[in-house]
Amino acid sequence: MNGEKISLNRAALAQAAAFTLLFVFAAHAFCFFNLTLSSQSVMINAGQGISGQIAGGRYLQAIYWRLRGELSAPLLVGLLSALYLALGTVLAAWLLRLEKPAALFALCGAMTVNAAVLSVFAGSLHTADAGLLSMLLGMAAAACCLRVRLGIFPGAVFFAAAAGLGETGPACGVALAAVALARDLITGESGRRIGLRAAQLLGALAAGAALYDAGYRVMLARYGMGQEAALQSMAGGGLAGAWLYPIRYLFEPLTAYPHLNVLLRVLLMALGLLALLKIMRRMTPARGMILLAIVLVMPFLTNLPVYARSGIGQTSLAFCFLDVFLIALLDACPQEGPGPRIAHRMAAGAFGVLFLGGVIFSNQVYLKKNLEFQSTLSVMTRVLDRAEQAEGYRPGETPVAIVGTLEDSGLSVPHKGFEHLAVLDAAQGNYAVASEEDVTWYMWDVLGYPCNLVSSFELSELEEREEVKSMPAYPAEGCCQWVEDTLVIKLSQGGDGR
């Protein structure tokens, strides 16, 4: 049940690594060298979120932070992320037998310049490298099952580790394996060998799920968490739209050229369809139907196990394998005659324009995130100054309740010229803190201010009191008042009241 080893084209693999690093730093380097921390990322110490990470099933992150360090230094996160992405693209190029420069260029761009990677860096930088390591481990599991003579157990371990670091890791492995099996069909690999590889993949998945579940139970017991509470935290979306959403994602205007993006996507899909038909004409009917089945099921495989229907983030990292499949099909299509060669040049040009638009869009997003960080720092400094002027206030001792957020306040106005970036969830805000929980972590981790914030329960009770409801919001006089022995700072009225 072991696959045949593939010879290593070291020059092609080195080229894949170089292309990956070029794309990573062109699209995302601003994020690594500037303070763009916002939303969840203002929890700079990732170790403080261990309970939520374990409850969400990402229990190996607790161990990963001990190895990487709990503080999420942007440059360190960036370097590790670049390393994981480079290793992942090299692994994919090897598994899929991609050696032509144009195919390698497209592969590296598809895996690094996409909305999911952008969203992870822009909104969850503190855990970004863990998610990308999960992606790499899932791909390594596919390699163990399909190509490397190691058997089922190593693949199961990699699948379990991938799931323990992020929800999308196993989906990346399964999606890559599906593309690799399709490539085997196209190149005439024996049906018996392909069937054995597929069976080994399924066996590793089943064993990996068992290992993951065992480790999950151990970690829940280790941290004193109940199984029911954890399962409630893991509840996700249903199956409706799970197949269609990854396809819709390709047409999202997350580029500097939104209208051109749609036209180029239509062109690439048409070229992919022509390549598929040409390939199937050279195959036996049985092989052709299996290849078509893999094509049809691919969107669903990339959406496992969360079945997302909206939003782009870490759970969408596997969606890039739809482009990877298209690249593999185009690369495998016979190129006899001028027509196929022209089609390949058109595809390379289309991908090039898509990646250029993605690089520009990514840098615009990170610039906006940096402006949000600076704006939040400016306003929160003045808010704290207002608190310190309250008679009897003692930093670190006085109970403080911060009601509302800057995002919902009258001060929240869009940054001029950046309105088009709001199509990305992580770039919709005007400030680095969008929730009351964000305010807490911002106060403690970013500002390092000794603020004795009340508990969530006490805050919710205070918000229902009439004297708090009648308070004006910052910066009006009276936005900072005593309610018994607690200093209440009101940033917004909530809802549409601002």
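How many nonpolar, polar and charged residues are in the lining of the largest cavity? The lining of the largest cavity has 11 nonpolar, five polar and three charged residues, where Ala, Val, Leu, Ile, Met, Phe, Trp, Tyr, Cys and Pro count as nonpolar, Asp, Glu, Lys and Arg as charged, and the others, Gly among them, as polar. This is a predicted model, in which local features need pLDDT of at least 70, side-chain atom pairs count only at pLDDT 80 or more, and totals for chains, interfaces and linings use all residues. Residues are numbered from 1 along each chain as its sequence is written, and side-chain values use heavy atoms, with hydrogens and water left out.

**Overall fold**

- The protein has 19 helices and four strands; helices (H or I, at least four residues) and strands (E, at least two) are DSSP runs numbered from the N terminus.
- The radius of gyration is 25 Å, close to the 23 Å that the globule rule gives for 498 residues, so the protein is as compact as a globular protein of that length. The radius is taken over C-alpha atoms, and the rule is 2.2 Å times the number of residues to the power 0.38.
- Along the principal axes, the C-alpha atoms fill a box of roughly 85 × 50 × 40 Å.
- Of the 498 residues, 54% are buried (buried is under 20% relative accessible area, exposed over 50%, partly exposed in between, with a 1.4 Å probe and protein chains only).
- Among contacts (heavy atoms within 4.5 Å) between residues at least 6 apart in sequence, 80% join residues at least 24 apart.

**Largest cavity**

- The structure holds one cavity of 30 Å³ or more. On a 1 Å grid over the protein atoms alone, a cavity is a set of points where a 1.4 Å probe fits but cannot get out, a pocket is an open set with protein on both sides within 12 Å along at least five of seven lines, and lining residues have an atom within 4 Å of a point.
- The volume of the largest cavity is about 290 Å³, a volume being the space filled by probe spheres set on the points, which are joined across faces, edges and corners.
- The cavity is lined by 19 residues, of which Val-113, Asn-114, Ala-115, Leu-254 and Arg-265 are the closest to its centre.
- At least two lining residues come from each of α6 (115-123), α12 (245-250), α13 (258-281) and α16 (338-388), and α16 gives the most, with four residues.

**Second largest pocket**

- The second largest pocket has a volume of about 500 Å³.
- It is lined by 19 residues, and Ile-247, Met-269, Val-295, Leu-322 and Leu-326 are the closest to its centre.
- Two or more lining residues come from each of α12, α13, α14 (285-302) and α15 (321-332), with α13 giving the most, six residues.
- By class, the lining of this pocket divides into 16 nonpolar, one polar and two charged residues.

**Asn-370**

- Asn-370 is in helix α16 and counts as buried because its relative accessibility is 14%.
- Leaving aside residues up to four places away in sequence, Asn-370 touches Phe-30, Asn-34, Leu-35 and Thr-36.
- Asn-370 and Ala-122 are 248 residues apart in sequence and 10.0 Å apart in space, C-alpha to C-alpha.

**Ser-412**

- Ser-412 lies in the loop between β1 (399-403) and α17 (436-446) and, at 8% relative accessibility, counts as buried.
- The side chains of Ser-412 and Asn-430 are joined by a polar contact of 2.8 Å. A polar contact is a pair of N or O atoms within 3.5 Å; within protein, one must be able to donate a hydrogen and the other to accept it, and residues adjacent in sequence count only if both atoms are side-chain atoms.
- The Ser-412 side chain also reaches the backbone oxygen of Glu-407, at 3.1 Å.
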